[in-house]
Amino acid sequence: MKASEIPSSSQHLLENEEQPTTVTPTPTPTKNSKKLALIPLIFIIFFEVSGGPYGAEAAIGAAGPLLAILGFLIFPFIWSVPEALVTAELATTFPGNGGFVIWADKAFGPFWGSLMGSWKLLSAVCNLASYPVLCLDYIKLIYPILDSGLPRYIAIFFISMFLSFLNYLGLSIVGYTAVVLGVLSLCPFWLITLFSIPKIDPSRWLSLGQKGVKKDWNLFFNTLFWNLNFWDNASTLAGEVEQPQKTFPKALFSAGIVTCISYVLPLLGTSGAVPLEQGEWIDGYFANLASMIAGNWLKYWMELGIALSVIGLYEAQLSSCAYQILGMAEMGLLPRVFGVRSEWFNTPWVGILVPTLVALVVSYMTFTDIVSSVNFLYSLGMLLEFASFLWLRRKMPKAKRPYRVPLSMPGLLVMCFIPSCFLVYVMLVAHSTVYIVSALLTVLAIAWYFFMEFCKTKMWFDFETVDQDKVDDEIF
């Protein structure tokens, strides 16, 4: 991630500066508010991005040990670092719930803010739907009755409801749960790395793959891309973070270190400790490697760690969805009812309930094409996010930026251009079904924005209004 996180000095209010036409929601403090501290935020970001090296095996299967290790060493600097730096600057400049929705709204207006919210929310909810299914895939190894039929559907329902209830209890509980889950799910990887050391043959790291095995570049880059993505998701929680201007850069930097180490060290250890059988390096192979290197006890712990990681992924993703919806309600992009908080726990219970129910429906479907399509929409959202970042630097040069990426505009253009190329690549390799589904979902997202505007004119629902002068004073 970033090599430096020295914040720039705040700028003074300029009375003659052109004021933006949109608003940033300011969270309303209540007696039940409990802000998210640094350590829990680090692990929430960790689960938003990674959750551990589960699934990283496919990189070696696709291109061999050398390119996989280099990929997880180099790719963070050309993809993860720019995304994290953009998040650090904008989340501290506009520290309200909603994150990237606020940024697009500030840069280009409410239409683009709403479209950004729809793209990212569709992507997040479908990812959310996959986690209870993945968790059940490991539980069924112990209870085969959960493999299919009514018992499987009932289990998915209760797993989803239980995990969502944890979110309802409060973001601080989610944060400290993420700390525990993170430590427990990473422990087997630290152990397998230690047990691998006496068996390592460094020459194995230099292998470009077995002879006769064709490299799968699409799988290789997708594995890197999706294992080092979603650094901006935690920005939707900025209004719930303790001193976000100071906490967010530190959390992003620390989560970046934890994430990169969690990939590189286990890959170095295991690929150096066993002879290369490239066809075996698929999702879940780490568990078999644990058995070969240390014994079945570590294999079982590894499998348990996968289930724990999936729980952490679900909790972090649902938190991001819930507070994005809350932020959009605070901005007036959604009706006020979407921003209702629990009287007991001060959590946005409507924002938790809506993605839970949608994800529950999707989890009962065969949704390979849908997931591919929402990943396409996420890529569109990231391109809009980079554009928002660059335009806000030009549009609001005097805004207070507690953290400021230490580059001039030409440097920022280069920084954003490289990851944008990967986003375009991901979209270009999609098949025709993905283009059709993505186009339909985008049309629905546009229709939703204009329907909300129509509801405002007819006063069918109550919408929040924000004091523009107060917001301008906070930004400049």
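1. Helices here are DSSP runs of H or I with at least four residues, strands are E runs of at least two, and both are numbered from the N terminus. Helix α6 spans residues 149-168 and holds Ile 154.

2. This is a predicted model, where local features need pLDDT of at least 70, side-chain atom pairs count only at pLDDT 80 or more, and totals for chains, interfaces and linings use all residues. Residues are numbered from 1 along each chain as its sequence is written, and side-chain values use heavy atoms, without hydrogens or water.

3. Ile 154 is partly exposed because its relative accessibility is 40% (buried is under 20% relative accessible area, exposed over 50%, partly exposed in between, with a 1.4 Å probe and protein chains only).

4. Now the inside. There are 2 cavities of 30 Å³ or more. A cavity is a set of points on a 1 Å grid over the protein atoms alone where a 1.4 Å probe fits but cannot get out; lining residues have an atom within 4 Å of a point. The largest cavity has a volume of about 60 Å³, the volume being the space filled by probe spheres set on points joined across faces, edges and corners.

5. Residues lining the largest cavity include Phe 100, Lys 120, Asn 233 and Tyr 378. Helices α5 (110-139) and α11 (296-330) each give two or more residues to this lining.

6. Lys 400 sits in the loop between α13 (368-395) and α14 (409-428). Its relative accessible area is 29%, so Lys 400 is partly exposed.

Key. 1 Å grid on protein atoms, 1.4 Å probe; cavity = no way out; pocket = protein on both sides within 12 Å on 5 of 7 lines; lining within 4 Å.
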